[in-house]
Amino acid sequence: CRRWEEEKTGDGIKWKQLEHKGPYFAPLYEPLPDDVQFYYDGKPLKLSLATEEIATFYAKMLDHEYTTKEIFQNNFFNDWRKEMTPKERKIIKHLDKCDFKEIHKYFVDKSEARKALSKEEKQKLKEEADKIQEEYGYCILDGHREKIGNFKTEPPGLFRGRGDHPKMGMLKKRIMPEDVVINCSKDSKIPEPPAGHKWKEVRFDNTVTWLASWTENIQNSLKYIMLNPSSKLKGEKDWQKYEVARRLKDVVHKIRAQYQADWKSKEMKKRQRAVALYFIDKLALRAGNEKEEGETADTVGCCSLRVEHIKLYPELDGQEHVVEFDFLGKDSIRYYNKVSVEKPVFKNLQLFMKNKDPGDDLFDRLNTSILNRHLQDLMNGLTAKVFRTYNASITLQEQLKALTNSEDNVAGKLLSYNRANRAVAILCNHQRSTPKTFEKSMQILQTKIDAKKQQLEEAQLELKKAEDELKDKDDAKAEANVQKKKKLLERLEEQLAKLEVQATDKEENKQIALGTSKLNYLDPRISIAWCKKFGVPIEKIYNKTQREKFAWAIDMADEDFEF
């Protein structure tokens, strides 16, 4: 069904009908059994229910690096004491006198027991989860039954945050129906709140696509229940994102010519804008919005770079005009890169850094709204983010053209695909730490390779033996035997090659995260066209969830698609 091609209503209206069950609330706290105790200063201490629940949040995290960090411990202890009874507050004054070990062990054992359940018991739990998914995980939108993305509220716990987040360890409170705003259509069956509760508000706003929302207590940010990526609304939005990026392709040469001219502008703010845009275009940096101090980890993007984040080298490693970037970007992921830039960019950076302290802004006359306003003037719908999508997609397309060999087998073609995808991930700085299981799975693969080599040697000997026999008695049976051994040898050689390709792929990929770009920055039609052109099954590139998300593209792209 080609839902994304149904007629669209303009004027910001997103739906005509929306009906759903509201969020599924996290299960209530189950008290600890009497024999699992909390100890203070070596003595068992029975905690009130609310205090005990928060203690279990910390206990569950004992083997986590977070609980060794002082800021985490302090934030936790402050928030925990706020929730204690006055009597508990009198006794519990020091975190280092608290002993959570017994509680920790209880939860470890519980999780082990869950893993050890029989197949039937696991199946039963799965059926219960599926029942909840059936009831709460779907909505009716304009007559279509659509899947909801996150229909459960987040359970209470301790806030983690990315990197050195100043609020790590704070108490993330339980979401109650009284916190939740429901959004649906007037004529729909309005969701019932859990017994004894009421919603904060029910509204009928068809200009937004969320079904429910609430404010979380740590950053005071709004959280939403949204549709699943496979839904018509999301698919449409995704398609449009890539269409905007494809429009950029037609004007990007003009934009580049203009920002190069602006490097020599009489106005300082134009020069800064032009250099920042050059970085965003050439290095796929994020725009870099201003952030409130002390609210989040100290991370930056292009417009919020400070003098301390770059170093200038007139010459370095045989290259001229080198800029060395070193800063923490989104999610506290380090961006480190040495780039040789055009001479006027280098000269401008020297100018921007003159008489400034390390903590001063590099682009002091620029912020993301100024930049995006300028980009909107250059092309309707253009923002800094579109450059990242454009450069990622165009890079994938060019790399696939350069790397794919139509003579290769499917495994070889997939290696080329992953290498093209890696080029994009490196451009976008999508890193990951080497997976914990990396060494082990690499060893398993190596063992397979060694065994295959062994089989190959044996097959070579067998073939030689068969060929010698054929020399001795030149008959049809001996001839057939030689052919059979040759076939076996060829098959084993192919299998070995496939395993070795897998090992190369795994090794090259250990610190690079491919998923982010594949889901968010790469026009899926490029990959689908490539699959069709080179006879690679689409499911080798996209798993089931991804194929649902990109149904619009699978429907639309043939092998001649050009981004």
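Guide: Welcome! Helices here are DSSP runs of H or I with at least four residues, strands are runs of E with at least two, and both are numbered from the N terminus. Over residues 108-135 the chain is 89% helix and 0% strand, with the end C-alpha atoms 31 Å apart. This is a predicted model, in which local features need pLDDT of at least 70 and side-chain atom pairs count only at pLDDT 80 or more, while totals for chains, interfaces and linings use all residues. Residues are numbered from 1 along each chain as its sequence is written, and side-chain values use heavy atoms, leaving out hydrogens and water.

Visitor: What makes residues 108-135 a "coiled-coil region"?

Guide: That name comes from UniProt, whose unreviewed entry lists residues 108-135 and 442-509 under it. UniProt positions follow the numbering used here, feature names are shortened, and annotations may be inferred rather than shown by experiment. In the model, residues 442-509 are 94% helix and 0% strand, and their end C-alpha atoms are 12 Å apart.

Visitor: How many helices and strands does the protein chain have?

Guide: The protein chain has 17 helices and 15 strands. Its C-alpha atoms fill a box of roughly 100 × 75 × 55 Å along the principal axes.

Visitor: Which domains is the chain divided into?

Guide: Domain 1 covers 18-27 + 136-229, domain 2 covers 39-120, domain 3 covers 234-382 and domain 4 covers 392-556. These bounds come from an automatic or database domain assignment. The C-alpha centres of domain 1 and domain 4 lie 42 Å apart.

Visitor: Why is tyrosine 521 called buried?

Guide: Buried means under 20% relative accessible area, exposed means over 50%, and partly exposed lies in between, using a 1.4 Å probe and protein chains only. Tyrosine 521 has 11%, so it is buried. The unreviewed UniProt entry places an "active site" at Tyr521, and this residue sits in the loop between α14 (515-520) and α15 (524-534).

Visitor: What makes the pairing of tyrosine 521 and arginine 388 a polar contact?

Guide: A polar contact is a pair of N or O atoms within 3.5 Å; within protein, one must be able to donate a hydrogen and the other to accept it, and residues adjacent in sequence count only if both atoms are side-chain atoms. The side chains of tyrosine 521 and arginine 388 are joined at 3.1 Å, so they qualify.

Visitor: Why does arginine 525 count as buried?

Guide: Arginine 525 has a relative accessibility of 3%, so it counts as buried. It is found in helix α15, and a polar contact of 2.8 Å joins its side chain to that of aspartate 523.

Visitor: Why is lysine 549 said to have no salt bridge?

Guide: A salt bridge needs a side-chain nitrogen of Lys or Arg within 4 Å of a carboxyl oxygen of Asp or Glu. Lys and Arg count as positive and Asp and Glu as negative, while His and the chain ends are not counted. For buried lysine 549, the nearest side chain of opposite charge, aspartate 238, is 4.3 Å away, so there is no salt bridge. Contact means heavy atoms within 4.5 Å, and Asp238 is among the residues that lysine 549 touches.

Visitor: Why is glutamate 559 called partly exposed?

Guide: Its relative accessible area is 40%, so glutamate 559 is partly exposed. Glutamate 559 lies in the segment after α17 (551-556). Leaving aside neighbours within four places in sequence, it is in contact with Ala529, Lys532 and Lys533.
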